[in-house]
Amino acid sequence: MLIISKPLFVYLQRPDTGDWVTVGRYQAGMEGGGYFRYAPSYVDAGLSWSIDPVNLPFQPDVEVSAPRYGGLHDILRDACPDGWGQALLRREHNLPQHTPLARYLVLASNADRWGALAVGTRPKPGVAALATPKLPQLHKVVEELAALNAQQPPVHPQLRRRLVETASVGGARPKATLQDEKGDYWLVKPGLASDVADIPSLEHLGQQWGALSGLRFASTVLHPAGTGSDTGRSGVRVLRFDRNRDRRAMCVSAASLLQTEYPGSVSNMDHWSYPRLAEELRRIGAPAEDRRELFGRMVFNAVCGNDDDHPRNHAIVFDAAGGGRWRLAPAFDVVPNPVDTPAFLVMQLSSGRFDISREAMLADAYRFGFDSREAAAAWLDALLVRIAGGFDEAALHLDAAWRAMLAQRLQHNLGLLSS
């Protein structure tokens, strides 16, 4: 049974004007289910944006049940904190380990949620402005996140309170939002004492390398250890694609599009599939180039050895300025495995196949929009050339040992994928 008994109202920042409106109402059922219905006021105002084009298409006067996440709808699960935020909220509110997700949804602040949704107990929206640390505070944010992760006393008490209050951003690692001098929002992720490698440097490598290969990857800036502070910790900041200054963009995770839970049981992994995701992109009206882009990211993850490519590490974003349609979001959280060269990815490359091989790459290529296997093979080979060509520039910030290890991985995986 869910903890919530009263209805929760779901608010949306309109993609056209930026005004907040009540888009619908969520009600937890007494037997553990949950139900969502678009608000009559939303319908009466002539608004019709669906907040989840797969699971909650715009259907006035229809009450839709939630089949996953203990009765919480997929898009509301997307708006919940993930591992890091949940850990902070459990600590702050003395919650048990298996607290229902709906509880985290209620406790997390609306100020820093992923996407353009917010929730509250009142019919009319009330969403607090985001009180975000600024770029000059980066070293303090890195220091405080590391202390939080180690469950140490606050180094900067006021900043600690703010970080706990905005524990609603996804992901398993410590992170916080920071605003630069232009008004853009970035996620800041510090290195941790428990890391087996300089993870911020590897994430920066992955994101820069993908962009140099001609793919759409989120922008990153690396802050090496000691930069601007004496903490000895590196950090990486990643541009938030769900923010355009103070305007929020609707987002949906690939887990929601694929109608699968993450984390979940092994049986759920049947839905964790790049070709299935490509078909969902086609079904929701994303342009054809987005399916090719997804194919390219699958190839890139295989080459660089990013086997943390689970369905919550892919997403779509609503492009209000570009025709008012859903698009594949920029790639994010692309981090080469720091320990081993993976032989498999977490998402299927083709039906039933997770193995990194040319055959697995091309077996379902038609589902990505290629006219023939030959066309897909030619596209793959051209991308491999670009990936190989971008490595040296992307790896400039790494030390010699890491460059050598990743260069060896590159050559090994090029051998697996080349004709």
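Student: How far apart are the axes of α9 and α10, and at what angle do they pack?
Tutor: This is a predicted model, and in it the axes of α9 and α10 are 9 Å apart, with a packing angle of about 160°.

Student: What does that make them, parallel or antiparallel?
Tutor: Roughly antiparallel, because angles over 145 degrees count as such. The crossing of α9 past α10 is right-handed.

Student: Which residues meet there?
Tutor: On the α9 side they are Y274, L277, A278, L281 and R282, and on the α10 side D290, R291, L294, M298 and N301. By class, this contact has six nonpolar residues, one polar and three charged.

Student: And α10 with α12, what is the angle there?
Tutor: Helix α10, residues 288-304, packs against helix α12, residues 373-394, at about 55°. Their axes are 11 Å apart.

Student: What do you call that arrangement of α10 and α12?
Tutor: With that angle of about 55°, α10 is oblique to α12. Their crossing is right-handed.

Student: Which residues of α10 and α12 meet?
Tutor: From α10, R292, F295, G296, V299, F300 and V303. From α12, W379, L380, L383, L384 and I387. The classes here are nine nonpolar, one polar and one charged.

Student: Let's move to α5 and α6. How do their axes cross?
Tutor: Helix α5 covers residues 138-149 and helix α6 covers residues 157-165; their axes come within 10 Å and cross at roughly 70°. The two helices are therefore roughly perpendicular to each other. α5 passes α6 in a right-handed crossing.

Student: Who makes the contact?
Tutor: K140, V141, E144, L145, A147 and L148 belong to α5, while L159, R160, L163 and V164 belong to α6. Seven of the residues in this contact are nonpolar, none are polar and three are charged.

Student: What about the loop between α5 and α6, which residue lies there?
Tutor: Q151 is one of the residues in that loop. Its phi is near 55°, which is a positive value in a residue other than glycine.

Student: Is Q151 buried or exposed, and why?
Tutor: Q151 counts as exposed because its relative accessibility is 62%, and the cut-off for exposed is over 50%.

Student: Where else is phi positive in a residue that is not a glycine?
Tutor: D333 has a positive phi of about 55°. D333 sits in the loop between β14, residues 325-328, and α11, residues 358-362. N94, which follows α3, also has a positive phi, near 55°.

Student: What does F332 touch, leaving out residues up to four places away in sequence?
Tutor: On that count, F332 touches Q207, F241, R312, N313, H314 and A315. The C-alpha atoms of F332 and V238 are 8.2 Å apart, although the two residues are separated by 94 residues along the chain.

Student: Which side chains make polar contacts with the side chain of T220?
Tutor: H204 joins T220 through a polar contact of 2.8 Å. Q208 joins T220 through a polar contact of 3.2 Å.

Student: Is T220 buried or exposed?
Tutor: T220 is buried, with a relative accessible area of 8%.

Student: Last topic: where is the cis peptide bond?
Tutor: The peptide bond from Y262 to P263 is cis, and its omega is near -10°. P263 lies in the loop between α8 (254-257) and α9 (274-283).

Methods. Residues are numbered from 1 along each chain as its sequence is written. This is a predicted model: local features need pLDDT of at least 70, side-chain atom pairs count only at pLDDT 80 or more; totals for chains, interfaces and linings use all residues. Side-chain values use heavy atoms; hydrogens and water are left out. Buried means under 20% relative accessible area, exposed over 50%, partly exposed in between (1.4 Å probe, protein chains only). A polar contact is a pair of N or O atoms within 3.5 Å; within protein, one must be able to donate a hydrogen and the other to accept it, and residues adjacent in sequence count only if both atoms are side-chain atoms. Axes are lines fitted to C-alpha atoms, for helices over the stretch in contact, and angles run from 0 to 180 degrees between N-to-C directions. Helices (H or I, at least four residues) and strands (E, at least two) are DSSP runs, numbered from the N terminus. Angles under 35 degrees count as roughly parallel, over 145 as roughly antiparallel, 65 to 115 as roughly perpendicular and the rest as oblique. A crossing is left-handed if the near helix is turned anticlockwise from the far one by less than a right angle, and right-handed if clockwise. Contact means heavy atoms within 4.5 Å. Ala, Val, Leu, Ile, Met, Phe, Trp, Tyr, Cys and Pro count as nonpolar, Asp, Glu, Lys and Arg as charged, and the others, Gly among them, as polar.
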